Amino acid sequence: MKRNHLADEMNDAMAGQEVILNGWVHQLRDLGGVIFALLRDHSGMMQVVFNETISAESRKLADELRFEYCIAVRGIVALRPAGQENLEMKTGKLELKVNKLEILNPCDVLPISVSQDGGERKELRMKYRYLELRRPEISNKIIMRHQLLIFIRNFLSERGFCEIETPLLAKSTPEGARDFLVPSRVQPGYFYALPQSPQQFKQLLMVAGFPKYFQIARCLRDEDLRADRQLEHTQLDMEMSFVDRDDVLGLIETLYSAIWKEFLDYDVSTPLPRIPYKKAIEQYGIDKPDLRFGMKIINLGEIFADTGIKFLKSVLDKGGNILALRFAEQPLSRSEIDAVEEFAKEQGAFGLAHFINDNGKLKSPMAKHMSEDETSKILDMLKPGDIMFVLAHEGKAGYEIMGQTRIMLAKKYDLIDKSKYALLWVTDFPLVQWSDAESKVVSEHHPFTMPIESEWNEFLERNNGEPNPDDKSVFELSSQAYDLVINGQEMGSGSIRINRPDLQRQIFKLLGLTDDQIDSQFGHILDAFSFGAPPHGGAAMGIDRTLIQITGDEAITDVIPFPKTLKGVDPMMDSPSPVSNEQLKELHIKLDLPE
RNA sequence: GGGCGCGUGGUCUAGCGGUUUAGGAUGCCGGCCUGUCACGCCGGAGGUCGAGGGUUCAAAUCCCUUCGCGCCCGCCA
């Protein structure tokens, strides 16, 4: 019995018509003489009725029905008796009087509930993900993912972008995340790397003369997982030639405001705010500020420039900062204030002082050591009842402690306007940063990022034309890189790229690569740049993260059809798994397992 | 690699040294019920309390180790 209608198509006008529906038993109510079931298909639900006055045979077979049996029913669409309508249901005024039932496939006792959220543990839900996906609330996210991808493809295609696939079997390079390796059978001892992103391929497409490229690309990185990080994730990868930074930012913010309008009916005003990296750190203590609430970091350096308070003075003398957060939402108890200090200490602070405007009088552990001038200036900044948390700390770490404290306070005291979406760009990222793990200078974004050229040229001049990583001013250099941030989450990043082989080689040298390493690992791209490579730039946007912003979920596993656990295991397929000795032998691999 | 939390019949959960033969809900099995919609009522089966070790007269409960899951730090251009 093949279906000729879907549950969702049933309407009053069809009363009296005979139809066949296929689907699953979503709910069962056995009243003895009559059995009601909710039949669910991908479109919706329909109540079906088994009654011996309609069909004794079907009524008898219906005794066997249980949750999630896969069935086919044929029957007459009918209006429910007066007073029996279910107004909560789209088809609630109707029912199907079944004259033939066929059980297509029975269903074992369910390990997780399908008809509702049974609150099962994550590991179980992952193992039986295909059952969880039967729930419309869950599958709708996967359908929305499809709709988002279609929307993006149409948007970019209409604007002259060409979707181009790039290889999955690519090459391992020394920069960046840990690679997933794939052994070559034909070339013993050689490995492909799965792409961390199509970065080099897309730049080579620019060299090839494609003006606008995009790809919905899977990116793989063998690093530890988080709620917003899987081993593989999907990026909207894009690149354009003959453009400057504003062209790229303009296109992406137009796309994102269109997505927000389409999927959330939310008006994002463009152009988006653009905050230089340095300012983001100084004002929010983080490179991905959440602008749904205020409470910017305040620098009290000037007020305390000549202070007599020793620990403040000594931090200032060492070039540190005195930073503050003004908390004006509600008075806090002594223990609540202590909890804030405790949090700051966990973030690395030595301590966290505070000022309170106690009806025009300054209340603070430091009050009696402060000058009149200092006291009045602080009081001027506080309304009665306001609390100001104060941190004296050196370097970027001080801003970061305050940034984390700012976020903690906002979450704990509900300062975040959940109806708001705060989209912004953070621009002018540092070109490089220091890696403690590798004890060397590494790219902040990636090694193909164009520096801000005036700064770069001055840096070279200072170092006699050599890209000297030991010149500490290297950390002051900015790049033409940018991040899109939404509600405090990094949504994607991009940059204007280097397109000259000489500059690219200098950057590699700055990162500590020798000429030999550069030639063997990046020779292809330097070659390519030497054949008239056009200026170009682009970005890559996280599709999974974009989706959880739209759905309001907290983990990207919610919008991935078959996600993996935090240990990188797929409990459903039970991967990764051992392979046979024959397979290993074919690949010329011998195992050297830890104890 | 480090920190925090969780793990009890199919599933969710109570119990957190002895009142327990581990309680409840739901699902499952059997019975009753012709207008339910989380249908209802009656009865029943189902547990090595994640695993291993220890403390104790006595351990689901306390301690140690270990495994799994989640969240965070490190890590992730």
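Where in the chain is the place of Pro271? Pro271 sits in the loop between helix H6 (245–264) and strand S11 (274–276). The model is predicted: local features need pLDDT of at least 70, side-chain atom pairs count only at pLDDT 80 or more, and totals for chains, interfaces and linings use all residues. Residues are numbered from 1 along each chain as its sequence is written, chains are lettered from A and ligands numbered from 1 in the order in which they are written, and side-chain values use heavy atoms, with hydrogens and water left out.

**View 1. The cis peptide bond at Pro271.** The bond from Thr270 to Pro271 is cis. Its omega is near -5 degrees. Helices (H or I, at least four residues) and strands (E, at least two) are DSSP runs, numbered from the N terminus.

**View 2. The domains of chain A.** The assignment gives domain 1 (7–105), domain 2 (293–412) and domain 3 (429–479 + 500–531). The bounds come from an automatic or database domain assignment. Between the C-alpha centres of domain 1 and domain 2 the distance is 66 Å.

**View 3. Polar contacts to the bases of RNA strand B.** A polar contact is a pair of N or O atoms within 3.5 Å; within protein, one must be able to donate a hydrogen and the other to accept it, and residues adjacent in sequence count only if both atoms are side-chain atoms. A polar backbone atom of Gln84 lies 2.4 Å from a base nitrogen. Gly32 also uses its backbone: an N or O atom there is 3.3 Å from a base nitrogen. Glu52 uses its side chain, with an N or O atom 3.4 Å from a base oxygen.

**View 4. The five-stranded barrel.** The strands run S1-S2-S3-S5-S4 and form a closed barrel with mixed pairing. From one strand to the next, the twist averages 55 degrees. Axes are lines fitted to C-alpha atoms, for helices over the stretch in contact, and angles run from 0 to 180 degrees between N-to-C directions. S1 and strand S4 (residues 70–79) run antiparallel, joined by seven bridges. Two strands pair if DSSP finds at least two bridges between them. Gly23 stands opposite Ile71 in S4.

**View 5. Strand S22, covered on both faces.** Seven of the seven residues of S22 (residues 536–542) are buried, so the strand is largely enclosed by the rest of the structure. Buried means under 20% relative accessible area, exposed over 50%, and partly exposed in between (1.4 Å probe, protein chains only). One face carries His536, Gly538, Ala540 and Gly542; the other carries Gly537, Ala539 and Met541. In a regular strand the side chains alternate between the two faces of the sheet. Strand S10 (residues 232–241) pairs with S22 in the antiparallel sense over seven bridges. Gln235 stands opposite Gly542. Strand S21 (residues 489–496) is also antiparallel to S22, over five bridges. There, Ser493 faces Ala540.

View 6. Phe429 is found in the loop between strand S17 (423–427) and strand S18 (432–435). Phe429 is buried, at 4% relative accessible area. Phe429 and Glu476 are 47 residues apart in sequence and 9.8 Å apart in space, C-alpha to C-alpha. S18 and strand S19 (residues 440–443) run antiparallel and share four bridges. Val432 has Ser443 as its bridge partner. The hairpin has four residues between the strands, and Ser439 takes a positive phi near 50 degrees.

**View 7. The loop between H15 and H16, and the segment beyond.** Pro576 lies between helix H15 (543–551) and helix H16 (581–586). A cis peptide bond joins Ser575 to Pro576, with omega about 0 degrees. Asp574 lies in the loop between H15 and H16. Its phi is positive, near 65 degrees. Asp574 is exposed, with a relative accessible area of 55%. His588 lies in the segment after H16. Phi of His588 is also positive, near 60 degrees. His588 counts as partly exposed, at 45% relative accessibility.
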